[in-house]
Amino acid sequence: MSLLVIGSVAFDAIETPFGKTDKIIGGAATYISMVSSYLTNDINLVAVVGEDFPAEHINLLNDMGVDTEGLQIKQGEKSFFWSGRYHNDMNSRDTLITELNVLENFDPVIPSSYQDCQYLMLGNLSPQVQMTVINRLENRPKLVAMDTMNFWMDIALDDLKSTLEKIDVLIINDEEARQLSGEYSLVRASKVIRDMGPKYLVIKKGEHGALLFHGNNIFSAPALPLEEVFDPTGAGDSFAGGFISYLARTDDTSFDNMKRAVIYGSAMASFCVEKFGTERLVGLTEEEIQSRVQAFISLSSVDISLTS
Ligand code: AMP
């Protein structure tokens with residue numbers, strides 16, 4: 001099934017307790033598309049970069065099977081730039097710089113060959129642009145999933161709430177869920193957020209795994225205990241990529257299949273954090289992915305009989 005990905009394609013500069021990078025390739029849509037390339041075939045990207053964005057990075061996406069006809073290159077403009085610094089626990093970070101640049105006036109154009117997409121992943125971007133993409137699709141996709149972040153809650157909450165009314169699955173982290181709902185309990189937060197529109201909600205909890213909510217059902221997935229988390233940047237987007245591309249591959253949007261998608265998302269995110277930026281997401285093998293998914297199954301399966 002075809003998958004349409006939108007989101008930032010960016011330069012990032014990252015500081016972790018392990019080191020520091022200069023500008024490297026990043027952006028939500030970059031991580032989502034790269035990860036998706038391992039699970040599904042028909043991946044179409046709508047995004048924008050400036051003339052400073054190296055062609056080799058676009059070629060890399062193409063080599064990985066991502067169609068970039070919908071990637072606009074704005075002459076005379078600069079790409080989105082984000083810089084962040086992680087705390088010692090690697091679970092929290094401070095945003096140091098957000099330069100919207102080309103994102104400021106991004107007008108997403110959907111090539112006609114992308115119009116028949118069945119699965120839509122609205123990666124982190126202005127909620128107004130996310131809404132424009134939904135409105136510009138002639139037919140509503142089978143499933144619309146979306147990510148967002150505190151930055152947009154702070155500056156565009158009304159737009160964000162309007163966009164939430166139009167989507168099926170929201171994927172955010174625990175801190176964002178608390179900010180959006182005003183509730184500390186994640187169970188309470190999930191109810192408040194699902195009342196805003198999305199019937200399904202995934203709350204990512206970093207090294208503590210992820211929760212999937214739908215109706216009265218809750219599924220809890222672990223995160224893989226890793227000896228070393230090198231750089232968490234893009235873990236959330238890698239999760240989203242694994243989640244949506246597993247659904248696109250299996251073309252099954254039942255709650256049970258979403259549980260499997262959460263495991264695939266978690267597995268792909270666990271690769272992402274092993275190296276800086278997107279480095280670990282290039283050249284993964286089928287065998288590595290399968291054995292990582294197996295590790296998740298083993299981690300949380302238990303043979304138990306109830307005592308009477
Ligand atoms: P994650 O670590 O999964 O939350 O995502 C990190 C990525 O999000 C980085 O590669 C950034 O380029 C991108 N990013 C950070 N802030 C924003 C923003 N306000 N809008 C869109 N993308 C962003």
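The model is a predicted one, in which local features need pLDDT of at least 70 and side-chain atom pairs count only at pLDDT 80 or more, while totals for chains, interfaces and linings use all residues. Residues are numbered from 1 along each chain as its sequence is written, and side-chain values use heavy atoms, with hydrogens and water left out.

**Exercise 1. Describe the shell around the ligand by class and by the elements that supply it.**

Solution. Next, turn to the elements, which are DSSP runs numbered from the N terminus, with at least four residues (H or I) for a helix and at least two (E) for a strand.

**Exercise 2. Find polar side-chain atoms that lie close to N or O atoms of the ligand, and state how much of the ligand is buried.**

Solution. Use the cut-off for a polar contact, a pair of N or O atoms within 3.5 Å. A nitrogen atom of the ligand lies 2.8 Å from a polar side-chain atom of S8, and an oxygen atom of the ligand is 2.8 Å from an N or O atom in the side chain of R93. For W152, an N or O atom of the side chain is 3.4 Å from a nitrogen atom of the ligand. Taken alone, the ligand exposes 510 Å², of which the protein buries 94%, with accessible areas taken from the Shrake-Rupley method with a 1.4 Å probe.

**Exercise 3. Examine salt bridges, and say which parts of the chain they link.**

Solution. A salt bridge is a side-chain nitrogen of Lys or Arg within 4 Å of a carboxyl oxygen of Asp or Glu, and a search of the whole structure finds 8 of them. In one, the side chains of R85 and E15 meet at 2.9 Å, N to O. R85 lies in strand 7 and E15 in strand 2, so this pair ties together parts that are 70 residues apart in sequence. In another, D251 and K142 meet at 2.7 Å, N to O; D251 is in the loop between helix 8 and helix 9 (255-272), K142 is in the loop between helix 3 (127-136) and strand 10 (143-147), and the two are 109 residues apart. Finally, R280 forms a salt bridge with E288, the closest N and O atoms being 3.1 Å apart, and salt bridges that share partners join E274, R280, E288 and R292 into one network.

**Exercise 4. Decide whether F243 is buried or exposed, and list its contacts.**

Solution. Buried means under 20% relative accessible area, exposed over 50%, and partly exposed in between (1.4 Å probe, protein chains only). F243, which has its place in helix 8, counts as buried at 0% relative accessibility. Leaving aside its neighbours within four places in sequence, F243 is in contact (heavy atoms within 4.5 Å) with V169, I171, V202, M258, A261, V262 and G265.

Methods. Polar contact = N/O pair within 3.5 Å; in protein donor to acceptor, adjacent residues only side chain to side chain.
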